Every structure is written in structure tokens, then in C-alpha cells.
Amino acid sequence: MIKKLMFLGLALATVSMIYANSRITIKGSDTLIRLGQRWAEEYMKQNPGVVIQVSGGGSGTGIAALLNGGTDICEASRDMKEKEYKLAEKKGITPHRVSVALDGIALYLNEKNPVRELSFAQLKGIYTGAITNWKEVGGQDARIIVYGRENNSGTYAFFKKKVLNKEDYYVYTQALPGTAAVVNAVSKDVNGIGYGGIAWAKNVKFVAVRITDADPAVLPSAETVSNGTYPISRDLYWFFNGTPTGELKKLLNWALSEEGQKVAVDMDYVPLPKERAIAQTMQ
Amino acid sequence: MQQLQFKPKSKWREYLGEKFISANALVALLAIFLIFAFIFKEAIPIFTDSFIQEEASMDKLILKQQYYEGRPAKFSWQPNSEVPKYSLFPLLVGTLKAAFIAMLFAAPLGVGGAIYSSEFASRRMRELIKPVIEMLAAIPSVVLGFFSLMVLATFLQNTFGFTFRLNSINAGIGLGLAVVPIVFTVAEDSMTSVPRSLRDAATALGANPWQVSLTTVLPAALPGISAGIVLGFGRAIGETMIVLMASGNAAIISANFADSIRTFSATIAAELGEVVFGSGHYTVLFMIGTLLFMFTFIINLSGDLVLSKLKERFQGKMS
């Protein structure tokens, strides 16, 4: 009898342990997926019993999954569009947005290029084809070779919106698959210019960017992106359905904590400024 | 002693065997038909769906369009623009430029190699050359693309001083490397299969080896050589990875071969991954797929027709 009771107790304990297991799914942006996976690994190590599944597919895919109830957390490198907010309302979902890290888009030049800084107007001119010679922006008399990304890239869309004011890219813009290819092309091309993440730069130099001629030119770095002085930067978001509670809240607070943000730094992402991280932490 | 005799009871086996083999052939036929049908099915909304047509109708794909008021009409491929632009003309120009350079590079190399290997090379030399060239076909195209992107592009730019590192010449030569073995193999096979009697007749009339190969073997093998070139051209049009990596992917219309290009195949490969299912852009990409399929189909078919005509002329009933 006692044996039976013990067995029953053991079985009950096992069952309750399985139920105590929290399953969390994270889905979305390919820009954020590496960080999301690293966060999940660390968090699972510290909290055995929690299972976190992370997958990519792009910001749009993640947002669609959130609206369909297919994921607990949606990772996105952009805010939701008005259309998506309306759709969420219709589906009875209240998106809750939290910035979890930052991302800066740097402009790369060949190390031999004498140009040091460019304004938004000059960048727009170069990338729409209005400016085609380096001497128009203070460089040598040579044709500007423009490199960019394929049109399915989030960086392509972000750069187009932020710098080109949604105008079309110059037809001579060479679209390369991936930031590494852009960096490699610019490092070999004296007259090349390209854009991409800060952490990717190798054998190329950064351009200091100013918004208007009156503003100071700022070089991209983790620090200038973090404090908001570098102009071509964006927030990377986590979206929840409603304010997160329970395990989700715990995970979010951990990601925003000093420890979580340090993981971001180790992965070459730009951490949030401390005040912003604290302000977003859930009580 | 065993009698050598075919037993009548093996007949049903032969029947089954024959049916099995013809079923295999039929599967290949069916596969081609179904692939075409399914690709075309996704492209049909261009002709029927008025919502899609507003964004991408057939005349928007083919004709010059005025996209903004006060600006001249033009051909433009900018599918992710505020005003999506789906002109296929820049892509067609890019595809043909790359294929042209590839053939300019591969046809002389392939045919020349075939002539040497089948006519002049010693037996040992021939047994070395043939497998090595054919091994070129076994190199994955992504490796050839990587080579063109990293090594060939730098070499060509340093040698010829191209403004654009990645251009149609660079992509075309990369493509040519993939086309050479096709041209070589088909041409070489057709030259070695020219009957011994023709060579003997020419030699008996006093022709030296040069004259034998140029005046007798080459004309007789011409159908095979042209078939090799046509097949190579088909490959050059459809090959994707090399042009995706080495061409610069800028949809430019120009006659300058030193400009970057964007081809049909690379456009599908680069853009299909994140396109919204069923959208105008999606439909246009499948339309491109349909066109690409039809291109290669017609090229191969016309090659075959020319081939059989030439065969009749040079070899009589010997096909």
C-alpha cells in the first residue's frame, strides 16, 4: 500500500513537473535571430524547466505569427505597420512593444578613399544616382561605385526609408548577397561605397555621417548608436500579445537586465542605454 | 551440352521490362510537362486578375512605362519601390549579355579542345585531357561563382581597368567555365564518331592530317558541334549561382559589356525567398520562370531541328 502511494506520488510529481515546464516560442527577424538564440540558451541554462524555441523567417513572418497566435514573442527589426496594428485589433490582439537592442547601419569606404564624412543629402544623392563622382563630395575625380543589398533584405528597406526617403535606388547599384559580400567588395574597390552592420566591417573604413550640414558628423560605433547620436540606427523589438506575465515577464526582464544586455554586446549587437533598459523593465 | 536458345516463357518478362522502361521515359516527359504547368499556373493572374494587373500586366512587363508625371518613360526593374516597376527588358539585356560572353569564351575553347583531342592528340594525351575537361562540369556552380567573385573579378579589373568590378564579362567568363565541358563533350563525341571510312578516303586522296580534319571530319561532325554549342547556350541562359554571385545584379540597360548586369535566373533566386505569396511581385517572378523555361525549350528544340537537317545532309541515312 505504502509502495503504491509512493508510486502515485512520484507519478504525480512527474506530471506536475512536466506541467510546470514553460514552453516559450520566439519567431521573427533574421537580424535578431542570433541574439534571440543566445539569450534563449543562457536563460534555459539558468532556468532548467523552461523550454524556449527560437526561429527566424523575417520580421513580417514573426508579426504574422503573433497575430495568428502562433508565437509568444515576435522579434522584429521594424515597428508594426498601421495595417498590421489594425489587423491585430480585429483579431483581438493587443501588441506590446519592447525595444531589446539597437542596430546601426554603417557606411563603408575603401581605406584608400580620402572622403571622411557625408551628409544625408550627399548619401541620398549617391544612392539615387544624382551624385556619381567622388569629387562632388570632396574626394578624387573618380566614378562612385555603389554597392547595396538585394531587395529582400531588411537593411535594404531600412536604408531606403531612412536615407533615400523611399526613393528608388540608383540603377547602377550593385546588389550583393549579404553584408559580408558588401564589405569584401568595398575593401577591394578603391571607389566603392556600401552599407551594413557595424560589427561586419573588416579592411574597410567607416564614414562619419551628419544629418544636415549644420550637424556634427558622427562615426558609427556601439557607443554612438547606443546614445542616439549616430543617425542611421534602429531599434530591434520584441512584440508580445498584451503585457507579458509569468515566465515571459521574467525572460523579458532578464534580457533587459545588465546580464542580458551583456550577452548582446558579446554577440556584437548594440545594447540599449541603461536608462531605456530600466524604463522598460516590467515591475 | 547446353543449347543456345531463347525460351518462349521469357516473353512476359520482356513485355514487363519493356513497359517498365517506357514508363520511366514517360515519367520524365510527364515531369517536364507538370513543371511547366505548375510554374505557368502561378503566373496566370497576370492575364486574368485585374488586381494584379493594376500592378503588373503584360504591357507593363514589356513596354516602356511612364512611372512619374513629368519624367520620361523608361524600362525599369524596381519591384520594391513605392511604385513597383517590373520591366523585363533590363533583365533580358543582362541575360543575353552574359550568355553571349559565355559563348564567346566557351565555344572556341570547347570546339578547339575537341578538335585537338579527337584529331591530333596522342592516345595518352587524349586519355588525360578528356576526363580533366569533363571534370570541370562536376565543379559545383557555387564554387565557380565564388571563384569569379573573388579571383577572376580582381584579375580582370586589374588587367583591363574596368570601372565596375562585377560586370557581364566577369560573369560571362565564369559561366563559360561551366559551358566549356558541355561544348567539348558533345563536339568531341561527334567528331570521334565520324566513320573511319571517311578519314581513310580522304587520306587515300592524298590529304594530310590537317586537311583530313578540316575538310572532312569537321564538316561531317558539324551537327554535333552545333548541338554542343546550342546546349551550352541553353545552360548559359539558365545557370543561376554564377551570375548571382559574379554579375553585380544591377538591372542596367546598356551596350557596354563592362557594366553590371542582372539576369532572369539570378532575379528569381534573389527575390523569391521573401516575396509575399500571391502578390504582383510573386506572379511576375513566376512569369519570368515561365519565360526562362520557354527560352531554353525553344533553344534546345531549334538546335535539334538544325541538327537533324545537317545530319541528313552530311551523313545521309547514317543517323
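**Note on the A–B contact and on chain B**

1. In this predicted model, 17 residues of chain A are in contact with 21 residues of chain B. On chain A, strand 7 (174-176) and helix 7 (179-188) each supply at least two residues of the side that touches chain B. Sorted by class, that side of chain A has 6 nonpolar, 5 polar and 6 charged residues.

2. Confidence in chain A should be read element by element: the mean pLDDT of the chain is 87, and 93% of its residues reach 70 or more. Within chain A, however, confidence is lowest in helix 1 (residues 2-20), where the mean is 56, and highest in helix 5 (residues 120-128), where it is 95.

3. As for chain B, its secondary structure comes to 13 helices and 2 strands, and its C-alpha trace spans about 90 × 60 × 35 Å along the principal axes. Of its 319 residues, 38% count as buried. Among contacts in chain B between residues at least 6 apart in sequence, 74% join residues at least 24 apart.

4. E55(B) counts as partly exposed because 18 other C-beta atoms lie within 10 Å, whereas a buried residue would need 20 or more. Once its neighbours within four places in sequence are left aside, E55(B) is in contact with P84(B) and G280(B). The C-alpha atoms of E55(B) and V83(B), which are 28 residues apart along the chain, are separated by 8.6 Å.

How values were computed. Residues numbered from 1 in each chain as written. Chains lettered and ligands numbered in written order. Predicted model: local features only at pLDDT ≥ 70, side-chain atom pairs only at ≥ 80, totals over all residues. pLDDT = per-residue confidence, 0-100. Helix = DSSP H or I, 4+ residues; strand = E, 2+ residues; numbered from the N terminus. Contact = placed C-beta atoms within 7 Å. Nonpolar A, V, L, I, M, F, W, Y, C, P; charged D, E, K, R; others polar. Buried ≥ 20, exposed ≤ 12 C-beta atoms within 10 Å, placed from the backbone.
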